[in-house]
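Open the model in your viewer and keep the selection panel at hand. We will go stop by stop.

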Amino acid sequence: MNRLRGWLLRLGGLFHKDQRDAEFSSELESHLQMHIDENLRAGMSAEEARRQALIKLGGIEQTKEMVRERRGLPMLEVLLQDLRFGVRMLRKNSGFTSVAVLTLALGIAANTAIFTAFDALFLRPRPVKDPDSLAAIFHIAPGERSGRFSYPDYIYYRDHSKSFSDLSLFAFGMAVTSSDLPATGPEATPRIAGAVGFQLPQLLQGSAQPIMCFFVSGNYFPMLGATPLLGRILLPEDDQGNAPPVVLMSGNSWQRRFHSDPKIVGSVLHLNGVAFTVVGVTPLNYLATASSVPDLWAPIPAKIALGAMTRQELENRQVMAGFPSGRLKRGVSLFDAQAELSVLAAQLRTQYPESERNMSVSVASARNNLSGLDPEAWAVVGTAMAAVALLLLIACANVASLLLARAAARRKEIAVRLALGAGRWRLLRQLLTESVLLGLFAGALGLPLAGWMLHLLIVEIASALPSFWGTIALEISPDLPIFIYTLLVSCAAGIAFGLAPALQASKSDVNSALKEEGSAFGQRLSRSHLRGLLIAGQMAACLVLLISSTLLLRGSQRALKIDPGYEARRVAYLEMYNPANLHYSQSRLLQLNRDLIQRIAGLPGVHSVAQASRSPIGGIRWVPVTPFDAAPSTPGVKGSKPPVAGYSFVTPNYFDTLSIPIVRGRNFTLREAEGESPVVVISEAAAGRFWPAEDPIGKRLKIGSEKGTTSFPGEKGPFVASSEVIGVARDVRSMDLRKIDESYVYLPLSQTHKWTSTLLARTEGDPTPLLPAIGQEVRRVDANLPVIGAPLYTMVSMDPYFVVSRIGGLLASIVGALGLLMACMGIYGMVSYSVAQRTREIGIRMALGAERIQVLQLVMSEGFRPILSGIAIGIIASAGVSRALSATLFGLSPLDTVSFAGVSLLLIAIALLATWVPARRATEVDPMVALRYE
């Protein structure tokens, strides 16, 4: 207690310091005067009386220092003194301070922006009640990390678990249509996204306007503690089969589509032809546990009313329904919940061995989205953080070079302080304090700059995405973790760039500095190895960033120009949102398709219209395929799974529409397609896989399994017990643009028996001008049908590897360009300072007969040596980095000559220019002026 009281008294001693010092000085003076008076009475002279009094007191100043140390906190006082002195020095050199702060602010802003995005996406707690007690439950199957639950499995865990006070289900969303909304108008084309190669499909003008609806269990919102803006939230009774159809509207949709009309609660909204009552409105940007804000929230049974699935599919254990999340009871840990659910999973495996074979469960915290990060996502995050860390490293090296030059200019000041007795540690602390201050000022500027950059990025991304995908609602306002991160980065940067110059400055040769001899602390700064290392480091980091960005951009550009094996430039891709949701009969659906095909085919400039069950780009569906006479596989035995192939149902004119040649055999006939004959066209790769060195024509395949595949609601995989191979089509890149499809089978599509959502229209030229006319034809056929359309080649933008490659290349280019600018500034500053320091030497050389070209070569050779070293290191490092990027290069060599040689030569040319400008100034030195230079 006494120690705490002592520390509090010391802390209080920091305040009103001048007043306390004045009072203590007055007290000392009174004591001194008393001793002087006593000595005078003892017969001493005035001078001797004062001298003896001072000896008796032990020295006035020493006593004051001793009392100050006992009364205050000396370390804190010294720190405040250093801070005040550092601020004065930085204010005195405003030019240097501005350049250093701006340089560091760019690096800190980039780092803070990436961390802020990561924080908003994965670290920030969900905006719900008590997020720390939320837990997410994943169904784990062999080869699948975080699987979804079927609806019966969710009900079983909800009713039998004792670890959760509540267990809810977030089901998948779907786009629905409403006759209460106007038709789609022309959508604005995002300029920046389009300029960099992203062209996402948009709704056709004139087609019905879809709205995004998410489905949740009735206890979802009560479990999260949601409070409606208007009306009420969805409740458990809304889950009952006989409950009236209701929806909850998001505040974003209420504001955007209904102009914040307070009468919306209680009104009727017709969705897919079914009347739903709006029971409430959520607050603006309310995400709950979703990744985007939908237009509507509905109970899970509403899926049946909307036509998304049948009741049999909802109750099928093999049909995935969604992701459960629950609120742990007080005192129950994640480990306890995991143990209990593992027991329940074992019970399910016993009761349902077919559907639950090898299934288990995993429980993770749902406080934020961090548990949803898979290894691929971690790799993306790590790469982004490494890129901006390189930029900060370049900025630190640049400012360190400036500090070295500034330390040389302060050599006399530092020498005087050393001569007066300042210790090396005291000097280091003062110089590092100034460096950390620079970092803190840069962080204060970089934090709002990062927020501004992120805001622009989010606005552009939101404008590029189709409106029916939902609303992006990221909270990027700075919170405590962001402030702490920025503070740590700023302080770390200050120490990183300030330590080496401070160490060099503290090694000052006092005699030579005071006599103005030498250039800088006994070592010529122009030949400083430290400055050379800093420049080499900047060049190496810059080269790694620029070569990586060039490889990624060239790889993504290669994806845009890659030959997929079919015609993509003169084909329009059209996809209809399932009109089965509109409760159309099968006959009406088939007639709808025929009418659409007939009207689109009749448009001027359209040659043919084909129909398919999958898009030629990214339409990934797999089905087990085995030769008819192959030995059957044993389920559950390792290595005995049947081989799989991609598949699609297509009309006979599909191959002509996409210019895919039949290299062997023949195409389907109309009779075979309409009669759904057991025939199949396979790819060259499939033929080589199943019958190497044999003629596949006439061979037979077993496609699918007797039980069928129902992993996707409303969709069943094909099953043909014995299908005859009648043709072999040329290999294409359909499922992965980086490589030829390993196996693919084309099944005949009957236009009188099977409806599909995909149409492909072959046009005379670029189909983009025809899309508005196609939209009008769609509206004439059915005004309630939403259709998206785009030129087929633009669907490359949906390929995940293209997205990673393109965005990675763009970000690396921006970061690399900033790094290049900083590196050039560092080179220019280094050579300029070297020239200024060697003015006298250059004058002597020229006075003794040196030619200007010789002086130019001397200065440039010394300045260019670290540049070449940095480029050599950068090339070696880039070769290692490029190997890690090979998966996103679409066949481009990781050691692409154009990227490595082009970027290296560009960097050399720019560095040469940055070196030549100050070196040329050295050749213009007047020898007479230089000889008098000090």
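A nonpolar core is a set of buried Ala, Val, Leu, Ile, Met, Phe, Trp, Tyr and Cys residues joined through side-chain atoms within 4.5 Å. Keep in mind that this model is predicted.

**Stop 1: the cores.** Select L104, L438, F497, M539, I827, I867 and L907. These residues have the most contacts inside the largest nonpolar core, which has 66 residues. Now show helix α14, residues 375–409; this helix gives the most to that core, with 12 residues. Centre on L907. Leaving aside neighbours within four places in sequence, L907 is in contact with M539, C542, L543, L546, L820 and I871. Apart from this core lies another, of 46 residues, with F149, M174, L328 and A337 among them.

**Stop 2: helix α13.** Select residues 334–351, which form helix α13. Which residues of α13 are buried? They are A337, E340, L341, L344, A345 and L348.

**Stop 3: the rings.** Select F170, F214, Y220, F221, Y286 and W297, a cluster linked by ring pairs. Zoom in on F221 and W297. Their ring centres are 5.1 Å apart and their planes at 80°, so the pair is edge-to-face. F221 lies in helix α9 and W297 in strand β12, so the pair ties together parts 76 residues apart in sequence.

**Stop 4: charges over rings.** Select R569 and Y793: the charged end of R569 sits over the ring of Y793, 4.2 Å from its centre. Finish with K754, which lies over the face of F649, at 4.6 Å from the ring centre.

Notes
Residues numbered from 1 in each chain as written. Predicted model: local features only at pLDDT ≥ 70, side-chain atom pairs only at ≥ 80, totals over all residues. Heavy atoms only, no water. Helix = DSSP H or I, 4+ residues; strand = E, 2+ residues; numbered from the N terminus. Expected span 1.5 Å × (residues − 1). Buried < 20%, exposed > 50% of the residue type's maximum accessible area, 1.4 Å probe, protein only. Contact = heavy atoms within 4.5 Å. Phe/Tyr/Trp six-rings, centres within 6.5 Å; stacked < 30°, edge-to-face > 60°. Lys NZ or Arg CZ within 6 Å of the ring centre and 35° of its normal.
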